[in-house]
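Visitor: I'd like to learn how to read a few backbone and side-chain features from a model. Could you walk me through one?

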Amino acid sequence: MFNVIILTAYPEMFPGSLKYSLIGKALNEKIFKIETINLHDFGIDNRKSIDDEPFGGGPGMILRPDVVEKALLSIAIKQNLNSAKIYLTPSGALLSQGKLGILSKLDEIIILCGRFEGVDQRAIDILGFEEISIGDYVLAGGEIAAQVLLEGCIRLIPGVLGHPESLLEESFSDNLLEYPHYTRPNVWEDSLGKKHDVPEVLTSGHHGNIKKWRLNKSVEKTKKIRPDLYIKKEQKQD
Ligand code: ADE
């Protein structure tokens, strides 16, 4: 079973979105499990504080390293586990599909969710957390980011997806965005009475032409909206 341990000031935010759909089914079927550790249980002094002002001044509060260490030490150590410790932060390395694939093959992920302005850097360095960002924007905390990372990761565990072959053609698998999809009705009449049909090739039954059309659409779309990704693809082919 894939083991997830979340260190957070808001344990009630879990499993959150992870209890729905195919990921929720995997949770019920015990393909993975989530344990939350409440950082407030490890607060310091009689006020049980978990954060303090930044040395050097500046806005916001910083999560204390001693609190993070105590929370981490409360986790039962299991021998011979392939485990990763991740701190979610906008100043981390950008998460990618490749990284999700690597994480999905582990036995355990321990995730530290920041709130406030950040976490004392000593906790990250000394306790061995890898800093990961889910994108170039700033959220109010790491809890939603953790659910994004976990959903992306858990769907890659064998047995979680109903149609595992869909992993082969999805966006990013070859530095290309996925081609557009269409379904019934064949001709859709919108609320203004305008008719929109499906690209003819898709209903032709000609598998070779469909494959070619889809690849063309993928390339066209990637060049237009993700030229950075297309450059990566071309560099890989050289
Ligand atoms: N916490 C706040 N913003 C974040 C981001 N972009 N990625 C990961 N964790 C975060």
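This is a predicted model: local features need pLDDT of at least 70, side-chain atom pairs count only at pLDDT 80 or more; totals for chains, interfaces and linings use all residues.

Visitor: Now take Asn 175: is it buried or exposed?

Guide: Asn 175 has 10% relative accessibility, so it counts as buried. Phi of Asn 175 is also positive, near 55 degrees, and the residue is in the loop between helix 6 and strand 9.

Visitor: Let's move on to peptide bonds. Which residues does a cis peptide bond with omega of about 5 degrees join?

Guide: As background, most peptide bonds are trans. Here, the bond joining Arg 184 and Pro 185 is cis, with omega about 5 degrees. Pro 185 belongs to the loop between helix 6 (166–169) and strand 9 (187–189). The peptide bond from Phe 14 to Pro 15 is cis too, with omega near 0 degrees. You'll find Pro 15 in the loop between strand 1 and helix 1 (21–28).

Visitor: How do I read the sheet, and what is the order of its 5 strands?

Guide: In general, strands of a sheet pair through backbone hydrogen bonds, either parallel or antiparallel. This open sheet runs 2-1-6-5-8, with parallel pairing. Strand 2 (32–38) and strand 8 (130–133) are the edge strands, each pairing on one side only. From one strand to the next, the twist averages 30 degrees.

Visitor: How many bridges link strand 1 and strand 2?

Guide: Strand 1 (residues 2–8) pairs with strand 2 in the parallel sense over 7 bridges.

Visitor: Last one: how many disulfides does the structure hold?

Guide: A disulfide is a covalent bond between the sulfur atoms of two cysteines. The structure holds 0 of these. For Cys 113, the nearest cysteine sulfur is that of Cys 153, 14 Å away, whereas a disulfide needs the pair within 2.5 Å. Cys 113 has 1% relative accessibility, so it counts as buried. Cys 153, at 0%, is buried as well.

Methods: Residues are numbered from 1 along each chain as its sequence is written. Side-chain values use heavy atoms; hydrogens and water are left out. Buried means under 20% relative accessible area, exposed over 50%, partly exposed in between (1.4 Å probe, protein chains only). Two strands pair if DSSP finds at least two bridges between them. Helices (H or I, at least four residues) and strands (E, at least two) are DSSP runs, numbered from the N terminus. Axes are lines fitted to C-alpha atoms, for helices over the stretch in contact, and angles run from 0 to 180 degrees between N-to-C directions.
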